[in-house]
Amino acid sequence: MSGGFKSYVNMNEVEKTEPESQKKDVKKIANEVFGGPMEPKLLPGELVIAEGHNVLKFNSTDDFNHGVSGALFCTNFKISFVTANRSSYDLGELRQRNQLLSEHDIALTCVEAVYQVWNGKKKRLPPGSNIQGRVGILEIHCKDFRILPFSFKFTPKEAERNVVNAILHHAFPTSLDLLFAFEYNPGKNLRIGIADTPEFRAVKDWERELSRVHPSGWRVSFANTNFKMSDTLPEQFIVPSSLSDHDLNNSSPHFVDGRVPLWSWSHQNGSSLVRMVELRSDTTQTQYLERHCLPSTQVVPLMLRAIESTHPERTKASIIDLARLCPSPKYIQVAYYKLRDLCMPAGAEDFWAADQKWYSLLDGTKWLQCVSACLSVSSAVAERIAGSRQTVVLREYDGRDLSCVVASVVQLILDCHTRTLVGFQALVQREWVVCGHRFTDRLHHVHAKDKDNEESPVFLLFLDCVWQLLQQFPSCFEFTETYLTTLWDSARVPLFATFLFNSERDRYVACMDAKRDKNDNTSPTLMPVWDWSLQFSDQDRLLFNNPLYGGKLAEYFPEHPSNGPTVVPPNPTNTLGSFKSRNKWKSKKKKQAGASAQVSFATPSTPSFNGPLFPINIGAGLKLWTQCYMRWIPWAHTVGGGPPSEYFHQCLLVDELHILNMKIHSLEMSKPDEHNTSRESGMFFTFESPRGFDANDSLTSAFPYSPIGSMDRKSIVGTPLFSFLRRMSVSSYNGAAANGDD
């Protein structure tokens, strides 16, 4: 056994509660762990920069009273804590196991801040600084709302200094090419399984999308080949057929970043959704533009006429000003900071103090107001397209932030294909990745001192909007909230090119620069996030499958009335008012909104999985995404309850339906069922072998991130937070909506 290991866990208590099968697994894995040195698992191209042994990792929720001993490593990819403590063993399948990052690993780009805790005082350590003396306790704050404290009390001073300085330097890179994605070298045998998710970097992907939607009057343009027209647009995109590439080249200099209007989606009634940026107010070479290009006063009318010509009735397009209706990226960032502070308590005392005024603190973050505004605008736009048969043009200054959110949510409301796993991934790839959302700036991958901080979690805001839709219409989405949380976590892993760049041109230039630096005529292997097999096993990917999805249940109940198309009336609260006029929720407005929302939700109560969805966007209809924001707060966890418990029973039910359906099919075909087809249901929990545990004792509301383990903690029953969390499940939400409970 390693001499540096010291357990702070009462092993006798653990032995009393563990099943015999788990004891055998412990012995087997312990032999493997103790038989070799404690070293981190390294990826191809990953290098250890610094290491320190006899480091204590504390639980931040226990006020530094409990911890385990191990070794802390800093690599060019992650911060890794390796311990022989048995809690780190892979004893079962109840936790989502990331194959790139273990339970005690932190991706460098997930580090938000580093603090030194000394004599009860906390000091933030500047990025890139060098620490000369002892640190005491190092507290790492992560962008996923985790707080990880480490103590170097028993670590040699030199090793302590090397590890801390390595973290301060490598967790805050000053240029994009310093990220691990450019060092990753998986070799030639790597399989990239993204065939089902189009990347929209080839014309065939755009043509396939046109064939799927069948819009009239639209075509694929090649005006931006080699990014000669705009640095932020993809090389191919869709424009009105009446506009030639010559027209686009003449018009583009008048628009911000040269971004001419581009198509997002079309309804079967002929109406379309288009994204357009503002005209440049600081146009240079004005005389040249006026001489060789169209006059600026004629550019917008020309574009609008072309867009309106695609409508069967040639109706006038409706222009939606997102700057007036939606929160700005800066406003979103401020709201996010407040939400983060609320969901990252420093200890038990801070948590219980916040619990006494939970509702007012949550309302004070303004985060749900941002979600409400985006859902409200998206619903109103969807109603104009589907109900009023109007083509809608979303106008934003540079068209790379809130237009991504609204355009995507509108399609989720109206297009059932985008609610499938592959369809949703294609939506993100098309509307966000290739159309130039500034992931580098908004996710703050690069910490340049000479550049303004433009960080803003716009993509998280979008995922929160999707989560709200999923909660209100649980049978209409093929994926689960675990998929959405995992997608947000993956956006901060410095390995996937999907979320690294500000534009397609930036990706291309970065690859060419890295190719020249290597001098071996090979480009770096930039991995897409959509190949989930790189991160998760086949079994863990089953956590993405929604057992309530109507498309799945339609296999067992093909004649159920809810499987046909249903027209959902638009929400009467979906008005396009100014965001500033709606940024204060007063009690009177809450009651009015709750009444109208109740009517909207109740008609119909069970929408079709392939019909349009119009969500409640205010009042009781909005919830806090607790799995994403509160999964690391043990006092807020419900043991044996919450959505994970419902998910467990839903999986068992769907799996049983699948087994019965297969048996019926076998009898009809006069062939005996010789094989166990339970796994083919695609459910994480199965009916025949539900993992051999009691969900009421094993699962917590933080599953699959903190799935097991009871701890001595003050009960939250009867507190404001308990009242809030009690309504977070699907069944309780439906009951609250039906009864008008707020």
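Is Phe477 buried or exposed in this structure? Phe477 is buried, since its relative accessible area is 0%, where buried means under 20% relative accessible area, exposed over 50%, and partly exposed in between, with a 1.4 Å probe and protein chains only.

Before I go on, a word on the basis of all this. What we have is a predicted model, in which local features need pLDDT of at least 70 and side-chain atom pairs count only at pLDDT 80 or more, while totals for chains, interfaces and linings use all residues. Residues are numbered from 1 along each chain as its sequence is written, and side-chain values use heavy atoms, with hydrogens and water left out.

Let me start with the core. The largest nonpolar core has 161 residues, and the members that touch the most others are Trp367, Phe424, Phe462 and Tyr629; by a nonpolar core I mean a set of buried Ala, Val, Leu, Ile, Met, Phe, Trp, Tyr and Cys residues joined through side-chain atoms within 4.5 Å. Helix α16, residues 458-472, gives the most to this core, with 11 residues, and helices here are DSSP runs of H or I with at least four residues, strands being runs of E with at least two, numbered from the N terminus. If we leave aside neighbours within four places in sequence, Phe462 is in contact, meaning heavy atoms within 4.5 Å, with residues including Val405, Leu412, Phe424 and Trp432.

Now to the aromatic pairs, of which the structure holds 40. Rings of Phe, Tyr and Trp, the last by its six-membered ring, pair if their centres lie within 6.5 Å, and planes under 30 degrees apart count as stacked, over 60 as edge-to-face and the rest as tilted. The rings of Phe424 and Tyr483 have centres 6.0 Å apart and planes at 75 degrees, so this pair is edge-to-face. The pair links distant parts of the chain, with Phe424 in helix α14 (residues 421-433) and Tyr483 in helix α17 (residues 481-490), 59 residues apart. Phe424 counts as buried at 0% relative accessibility, and Tyr483 is likewise buried at 0%. Phe477, with which I began, forms an edge-to-face pair with Phe479, at 5.6 Å centre to centre and 65 degrees between the planes, and Phe479 is buried too, with a relative accessible area of 0%.

Two charges also sit over rings, which requires NZ of Lys or CZ of Arg within 6 Å of the ring centre and within 35 degrees of the ring normal. The charged end of Lys122 sits over the ring of Tyr115, 5.7 Å from its centre, and Arg146 lies over the face of Trp632, at 5.2 Å from the ring centre.

What about disulfides, that is, pairs of cysteine sulfur atoms within 2.5 Å? A search of the whole structure finds 0. For Cys435, which is buried at 2% relative accessibility, the closest cysteine sulfur is that of Cys404, at 7.2 Å, too far for a bond. Cys476, buried at 0%, has its closest cysteine sulfur in Cys416, at 9.4 Å, again too far for a bond.

Leaving aside neighbours within four places in sequence, the contacts of Phe77 include Leu43, Leu100, Phe180 and Val493.

Notes:
Disulfide = S-S within 2.5 Å.
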